[in-house]
Amino acid sequence: MAWWGRPKCPVRPEEQAWIEESLDWLVSSFGSDVLMRPVVLPGASFFPPGYAGSEADVRAVFATVAGLVGVPVERVVLELEPDDAMDELIDGLPVEMRSRGAAAHWRRRDGVSVITVEMAKARQPVALVATIAHELGHERLLGEERRDPDRRDDEPMTDLFTVFFGFGVFSANAAFEYSRSTTGWRTSRLGYLTEAMFGYALARYAWLRGETEPDWAGLLDTNPRTYLKQGLRYLNAD
């Protein structure tokens with residue numbers, strides 16, 4: 001193939017190297033059986049019948065996600081907070097370790113793992129699942145002492161954990177959202193990887209699984225799906 005026609009990786013070389021090395025670490029740490037499990041897909045069957053974003057609904061989703069990532073639900077205390085109570089809650093409590101995202105928080109308190117989720121996320125089921133999967137990732141990575149909590153890539157690695165455990169469609173679609181308000185359109189970000197990094201992470205994930213044209217790619221939003229396809233073209237050519 002001529003040099004000008006060679007597919008390009010959708011992320012920078014340092015991001016590519018980190019994604020590939022980190023996915024390799026996840027495989028070695030959690031096993032290839034996890035890598036080859038079915039991808040978790042959005043759909044009515046994933047959520048409780050009549051899902052309305054109630055506290056009971058959120059707890060049911062939490063239990064489902066916890067089971068899929070291998071965390072016994074009784075091992076973690078789930079606290080649900082109004083979206084305006086998070087800062088006061090976190091700032092006022094002594095903790096051993098902490099890791100905070102935009103809409104949730106994992107911490108160790110008196111030797112117990114506690115995950116706090118803002119109820120505002122209950123109105124966005126896909127983002128709720130991505131958020132819960134991310135925080136449970138902290139429990140597997142930090143709570144089980146698999147990773148040093150002082151590592152600079154702690155949060156991006158936890159996003160990548162969600163991809164490896166099959167929640168990549170949720171996380172990628174929630175990474176960058178448009179929403180309409182009374183004053184116009186606004187954007188919001190969830191997570192720590194960019195859409196391009198999620199796209200390439202999903203491409204590498206699919207490539208490791210032997211999937212050249214994953215059927216679940218059609219459920220991705222336009223941007224991450226585009227980066228996924230570009231990443232697969234690059235990996236298959238390389």
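Modeller: The axes of H5 and H6 come within 8 Å of each other and cross at roughly 145°. The axes are lines fitted to C-alpha atoms, for helices over the stretch in contact, and angles run from 0 to 180 degrees between N-to-C directions. This crossing of H5 and H6 is right-handed. The residues where H5 meets H6 divide into 13 nonpolar, 7 polar and 4 charged. Here Ala, Val, Leu, Ile, Met, Phe, Trp, Tyr, Cys and Pro count as nonpolar; Asp, Glu, Lys and Arg count as charged; the others, Gly among them, count as polar. As for handedness, a crossing is left-handed if the near helix is turned anticlockwise from the far one by less than a right angle, and right-handed if clockwise.

The model is predicted, so local features need pLDDT of at least 70 and side-chain atom pairs count only at pLDDT 80 or more, while totals for chains, interfaces and linings use all residues. Residues are numbered from 1 along each chain as its sequence is written, and side-chain values use heavy atoms, with hydrogens and water left out.

Now place the two helices in the chain. The chain has 8 helices and 6 strands. Helices (H or I, at least four residues) and strands (E, at least two) are DSSP runs, numbered from the N terminus. In sequence order the pattern is α-α-α-β-α-β-β-β-α-α-β-β-α-α.

Glu 145 is exposed, at 69% relative accessible area. Exposed means over 50% relative accessible area, buried means under 20%, and partly exposed is in between (1.4 Å probe, protein chains only).

Arg 140 belongs to H5. Is Arg 140 buried or exposed? At 11% relative accessibility, Arg 140 counts as buried. Leave aside its neighbours within four places in sequence, and Arg 140 is in contact (heavy atoms within 4.5 Å) with Phe 30, Val 69, Gly 70, Val 71, Arg 75, Arg 146, Phe 161 and Phe 165.

Pro 156 is in H6. From His 134 it is 22 residues away in sequence and 9.8 Å away in space, C-alpha to C-alpha. Beyond four places in sequence, Pro 156 has contacts with Trp 18, Tyr 192 and Leu 193.

In soluble globular proteins, nonpolar side chains tend to be buried together.

H6 has another partner. H6 and H7 (residues 195-208) pack at an angle of about 120°, with axes 10 Å apart. H6 passes H7 in a left-handed crossing. The residues of this contact divide into 8 nonpolar, 3 polar and 1 charged. On the H6 side they include Leu 160, Val 163 and Phe 164, and on the H7 side Phe 198 and Leu 202.

Next come the strands. In E4 (112-118), 6 of the 7 residues are buried, so this strand is largely enclosed by the rest of the structure. Strand E1 (residues 76-81) is mostly covered too, with 5 of its 6 residues buried. E1 and E4 run parallel, joined by 6 bridges. Two strands pair if DSSP finds at least two bridges between them. Val 77 stands opposite Val 114 in E4, and Leu 80 opposite Val 117.

E3 and E4 run antiparallel, also with 6 bridges. His 105 faces Thr 116 in E4. E3 and E4 form a hairpin with 2 residues between them, and Asp 110 in the turn has a positive phi of about 55°. Asp 110 is exposed, with a relative accessible area of 73%.
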